[in-house]
Amino acid sequence: MLLSYLVRFLKQMLCLVMVLGMVSCVSVSHQNMPEEDSVELGLLKKKCTHCHGLPHPKRHSRDEWEYLLTLMTKRMNEKNISYTKDEMIQIKSYLQRNAR
């Protein structure tokens with residue numbers, strides 16, 4: 001019981017640290033993004049900047065992006081930000097393909 005509480009607490013703290021890191025991202029105009037003309041980057045810019053600055057894909061590993069996208073889709077649902085399953089697949093592909 002105590003161990004499961006501790007694990008849940010640590011996951012929440014990790015999430016908070018990652019989200020705070022994303023919030024502090026540099027604005028789009030000051031970053032060189034991979035695949036600048038890609039459809040996936042366009043979706044990332046369109047869907048993922050409602051609440052925070054544009055995150056550079058190298059900011060996180062493939063596994064971290066997997067976890068963060070799960071959290072962000074929940075947040076998007078809470079804020080009624082629409083997206084399709086295909087859009088999220090494309091965004092995930094872009095982020096993981098260009099991850100650190």
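Modeller: Leaving aside residues up to four places away in sequence, Ile 91 touches Glu 40, Leu 43, Leu 44, Lys 47, Cys 48 and Leu 69, where contact means heavy atoms within 4.5 Å. The model is predicted, with local features needing pLDDT of at least 70 and side-chain atom pairs counting only at pLDDT 80 or more, while totals for chains, interfaces and linings use all residues. Residues are numbered from 1 along each chain as its sequence is written, and side-chain values use heavy atoms, with hydrogens and water left out.

Ile 91 is also one of the residues of α4 that meet α3, together with Met 88, Lys 92, Leu 95, Gln 96 and Arg 97, and their counterparts in α3 are Arg 62, Trp 65, Glu 66, Leu 69, Thr 73 and Met 76.

The axes of α3 (residues 62–78) and α4 (residues 85–97) come within 9 Å and cross at roughly 150°, the axes being lines fitted to C-alpha atoms over the stretch in contact and the angles running from 0 to 180 degrees between N-to-C directions. The two helices, which are DSSP runs (H or I, at least four residues) numbered from the N terminus, are therefore roughly antiparallel to each other, a term for angles over 145 degrees.

Read along the sequence, the protein chain follows the pattern α-α-α-α, with four helices and zero strands.

Terms used:
Parallel < 35°, antiparallel > 145°, perpendicular 65-115°, else oblique.
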